[in-house]
Amino acid sequence: MGMNEAVKRDEDQRVIDANASEIPSPDVESSLLDSSRSDGRKGGGGNSSKGRLVSLDVFRGLTVGIMILVDNAGGIFPAINHSPWDGLTLADFVMPFFLFMVGVSLALVYKNLSCSYLATKKAVLRALKLLVLGLFLQGGYLHGLNNLTYGVDIEQIRLEGILQRIAVAYFLAAVCEIWLKGDKNVKSGSSLFKKYQYQWAVVLVLTVAYFSFLYGLYVPDWEYSISSEKSSSPPKIFKVKCGVRGDIGPACNAVGMIDRNILGIQHLYKRPIYARMKQCSINSPDYGPLPADAPSWCQAPFDPEGLLSSVMAIVTCLVGLHYGHIIVHFKDHKDRILQWVVPSSGLLVLGFALDFSGMHVNKALYTFSYMCVTAGAAGILFSGLYLMVDVYGYRRPAFVMEWMGKHALMIYILAACNILPVFLQGFYWRRPQNNIFRLIGIGA
């Protein structure tokens, strides 16, 4: 069935479109990591799930699958693991894809509001739930495979993490969607921009603020210490020489400095991604022993979900929000795909051009070029899935991904955060080492 036929059949669905506002808003799982509602269209391509944007479920499930793949196979195939610093790998798409989908979902959830104050209250509660869940899962309370102990020193707890970043981006994007949209009717791309011009103003302010801090803040010399758990000797102190402004290397960037000064270095991620660089690992791009001439910063804590880098993560969420607006205001498949593909292609071209000119794609710093490339890739992939699933109705090949997308938060908690493995390894034979995971070669 061609696209024209699909669009023609969609003319019979106008009544559904008119009643789209009656679709209830999803709960926290639905609006963040799980299933979202569309505008109520069944879709001319045979999408039988009334009121559901199946392509968003499939996209979410695909992202969860990539996340599980890189978490479990990244150590075996370092090429798909997160880039040690500059560059882009498969794993580096996961976080921005999730943020992009959060934005798309928010446009559908807050399509029609009965009470802005009540919606804001619910957004606050949802964000707080994610923050608390993130602290529990990634703050160090659980000690991972091969360790049946639990608990975390509050003075050492990791404060930032994936769910915390999603919570902040979700909340700010939700506030923008609740309070910062006009009353104009949307008939074209320009009128769409005018309706949400204040949201784009927020994007501009965030981007300018990010550039100002990243390139304008002075980073002085600093130091950190490492204590040996097996020795009672005093902690070893490492001094890092900086005294620069605008540096985007691992040692002297403003992202790390802000986190060290505001949160405290003891609350940052203890296994920095740059420890896999050639300067810091003889097994690069994997973790390994330090080279003899390793720089002093190689073992310094650094959080990939830092405060300043999260500013651009919020921008990714707001870009996704714009793609959701296109679903809300454009009913024709061709119009939607055109409105998605053109800006997506522009973001990709801009991102790679910036990378080529020296503003490198960097996930740890969440550089502007990284935001452009990953948001553009998310838009292209989402457009392709929408065309395949919601227009032409090819759901069967994506059935597994659709199911995973509907249960994304549960899968993330059980699998990606090792809740299920930690639970199962608690059942062993005589010694803790004799558990099911050692039997199949995991954690050996």
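Me: Tyr366 first: buried or exposed?
Reply: Tyr366 counts as buried, because its relative accessibility is 0%. Buried means under 20% relative accessible area, exposed means over 50%, and partly exposed is in between (1.4 Å probe, protein chains only).

Me: What kind of model is this?
Reply: It's a predicted model, where local features need pLDDT of at least 70, side-chain atom pairs count only at pLDDT 80 or more, and totals for chains, interfaces and linings use all residues. Residues are numbered from 1 along each chain as its sequence is written, and side-chain values use heavy atoms, leaving out hydrogens and water.

Me: Back to Tyr366. Where does it sit, and what is its phi?
Reply: Tyr366 is in the loop between helix 12 (333–357) and helix 13 (368–391). Its phi is positive, about 50°, although Tyr366 is not a glycine. Helices (H or I, at least four residues) and strands (E, at least two) are DSSP runs, numbered from the N terminus.

Me: Which peptide bond is cis?
Reply: The one from Ser284 to Pro285 is cis, with omega near 15°. Pro285 belongs to the loop between helix 10 (254–262) and helix 11 (309–329). As background, most residues other than glycine have a negative phi, and most peptide bonds are trans.

Me: OK, zooming out. How many helices and strands are there?
Reply: The protein chain has 17 helices and four strands. Of its 444 residues, 50% count as buried.

Me: Now helix 11. What does the side chain of Ser310 pair with?
Reply: Ser310, which is in helix 11, makes a polar contact of 3.0 Å with the side chain of Arg165. A polar contact is a pair of N or O atoms within 3.5 Å; within protein, one must be able to donate a hydrogen and the other to accept it, and residues adjacent in sequence count only if both atoms are side-chain atoms. Ser310 is buried, at a relative accessible area of 12%.

Me: What else does Ser310 touch?
Reply: Leaving aside neighbours within four places in sequence, Ser310 is in contact (heavy atoms within 4.5 Å) with Arg165 and Glu305.

Me: And Lys331, where is that?
Reply: Lys331 is in the loop between helix 11 and helix 12. Lys331 is partly exposed, with a relative accessible area of 23%. A polar atom of its side chain lies 2.7 Å from the backbone oxygen of Val328.

Me: Switching to helix packing. At what angle do helix 5 and helix 7 cross?
Reply: The axes of helix 5 (residues 94–109) and helix 7 (residues 162–179) cross at roughly 30° and come within 10 Å. Axes are lines fitted to C-alpha atoms, for helices over the stretch in contact, and angles run from 0 to 180 degrees between N-to-C directions. Helix 5 and helix 7 are therefore roughly parallel. Angles under 35 degrees count as roughly parallel, over 145 as roughly antiparallel, 65 to 115 as roughly perpendicular and the rest as oblique.

Me: Which residues meet there?
Reply: Among them are Met95, Phe98 and Leu99 in helix 5, and Ile162, Arg165 and Ile166 in helix 7. By class, this contact of helix 5 with helix 7 has twelve nonpolar, no polar and two charged residues. Ala, Val, Leu, Ile, Met, Phe, Trp, Tyr, Cys and Pro count as nonpolar, Asp, Glu, Lys and Arg as charged, and the others, Gly among them, as polar.

Me: How do helix 4 and helix 13 pack?
Reply: Helix 4 (residues 54–73) and helix 13 pack at about 125°, with their axes 8 Å apart. That makes helix 4 oblique to helix 13. The contact includes Phe59 and Leu62 of helix 4 and Phe382 and Leu385 of helix 13.
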